[in-house]
Amino acid sequence: MNTEPIIHIENLHKHFGETAALNGVDIDVYPGEVVVIIGPSGSGKSTLLRCINRLEAFQAGTVVVDNIPLTTAENINAVRTEIGMVFQSFNLFPHLSVLENVTIAQKVVRKRSKSEAVEVALALLEKVGIPEKANDFPGQLSGGQQQRVAIARALAMNPKIMLFDEPTSALDPEMIQEVLDVMLQLAKEGMTMVVVSHEMGFARAAADRAVLMDEGLIVEEDVPDVLFSHPTQERTQAFLSKIL
Amino acid sequence: MRVRKESENILGHEVANSRIDSWWWLVAAVIVIVILLAILQPDPYWRIIRFVSDGVLVTVGVTLTAFVLTLVIGLLAALGRLSKIGFIRWATTIYVEVARGIPLLVQLLFWYFAFPSLIQGFGRLIHFQPLERYLANPFAMAILGLTFCYSAYMSEIYRAGIQSIPKGQNEAARSLGMTHNQAMRHIILPQAFKVVLPPLGNEFISLLKDSSLVSTVSVADMTRRGREFMAANFIPVETWLMIALLYLVMTLISARIVSWIERKTQTEDR
């Protein structure tokens, strides 16, 4: 594995008012690695993810992405163009067509010409399996289709890292697999991914590392098969016994 | 949550749909009354209409001009109130509170009578001739007064519209690398605009009615022309009946257009 981490997080602290969300998290993610974060709700896993592209401000600690420290507004925007993010609630732009959802940031942020952006978008919609929906609006799509558009929208920026914040939690069960399939393919292609999800099947199949968080701290991390089958920490065992 | 929202939409949709025809009848009925009065009793009704017709144009012109300015300035004020920069937020908040806290009539009187005196005084102070001889243009001052007051109300409508857009929209835009301004322009405002269209239309109708107040500051609008006609002919009942009917025609037509826009934006959501 590469020696230089693409995401370096050191002693990260974050609190919402009186409530502590992160209590000094240290984690490194290396290029091409797929990391799955699990943990009970309120454990800080989504907050950690959102700190990586600074959607969430933090009070203390260091986050460095691709050698850019998250300090100035300029740096933060530079980092965000390198990181794609997929949300639990999709957050597609409802006033834009599927195609425009995938082209808008290319045009506005990457300053690509319209024809180039459309070309990229159509290729990505093909890749996530819904080229025929290009001219539909998000409201006309199923949840699984919307989430795949959201993945295409993020990929259109050619990110080096993809963050997934519970990408299948808002989906009906029969639509989960179509989204996981797209994620599996991305992992296979060598995309660096940080995924907050309790999809054990995905973690076993695609993740290099599974991380268990609780009360704003990383409790245990290991290769998914080892962590899920032979957890060493009591808290990990307790959590896994509830969800498996 | 989603289900509830849709049923509300459908409900509003049906109400608007069933209402539209009957209310167009009301518009037609008022127009027919005006025409009948003008034909059956040309003296005084047709005379009144001819006398105030230039005032109708003034009322429409003042209203439209002030409304367009209000759309722009109201948006700027709304963005100011949502700004991250403390001073801008502070200044626009004070503007909105002041403009909403003073009666429109008093504001119009201030802009027409007091403001020019202040300018002249300032001109004398710095010995600058053009300012010393500054004379208020009634139209400009009336439009300034209406715009100053209504932009404050409008900014609150815009602000509510912007804040009604889910936070996730901004987060998605920012996570794609858009700056605050880019996210506003391409993602938030286009969606917010749809939300605020119906209340914007209602503001237009209010502005149309409140424009009658400019008759107090030397603008020969419909109301002022009505007063002039009454002063010359001493027939208050006929005069004010006709003026009221003419305002009603304008506001009812505007209300139909607003309702049409409302229905259109609701169907497009689906």
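Buried means under 20% relative accessible area, exposed over 50%, and partly exposed in between (1.4 Å probe, protein chains only). The model is predicted: local features need pLDDT of at least 70, and side-chain atom pairs count only at pLDDT 80 or more. Residues are numbered from 1 along each chain as its sequence is written.

**Exercise 1.** Classify Trp111(B) and Phe110(B) by accessibility, then describe their ring pair.

*Solution.* 
- Trp111(B) has 14% relative accessibility, so Trp111(B) is buried.
- Phe110(B) reaches 38%, so Phe110(B) is partly exposed.
- Rings of Phe, Tyr and Trp (its six-membered ring) pair if their centres lie within 6.5 Å; planes under 30 degrees apart are stacked, over 60 edge-to-face, the rest tilted.
- The centres of Phe110(B) and Trp111(B) are 5.6 Å apart, with 80° between the planes: edge-to-face.

**Exercise 2.** Assign the geometry of the pair Tyr150(B) and Tyr153(B).

*Solution.* 
- The centres lie 6.1 Å apart and the planes meet at 55°, so the pair is tilted.
- Both residues sit in helix H6 (residues 138-163) of chain B, three residues apart, about one turn of the helix. Helices here are DSSP runs (H or I, at least four residues), numbered from the N terminus.
- Tyr150(B) is buried at 5% relative accessibility, whereas Tyr153(B) is partly exposed at 35%.

**Exercise 3.** Find the salt bridge across the interface of chain A and chain B.

*Solution.* 
- Apply the rule: a side-chain nitrogen of Lys or Arg within 4 Å of a carboxyl oxygen of Asp or Glu.
- The rule finds one.
- The side chains are those of Arg50(A) and Glu171(B), at 2.6 Å, N to O.

How values were computed:
Chains lettered and ligands numbered in written order. Heavy atoms only, no water. Helix = DSSP H or I, 4+ residues; strand = E, 2+ residues; numbered from the N terminus.
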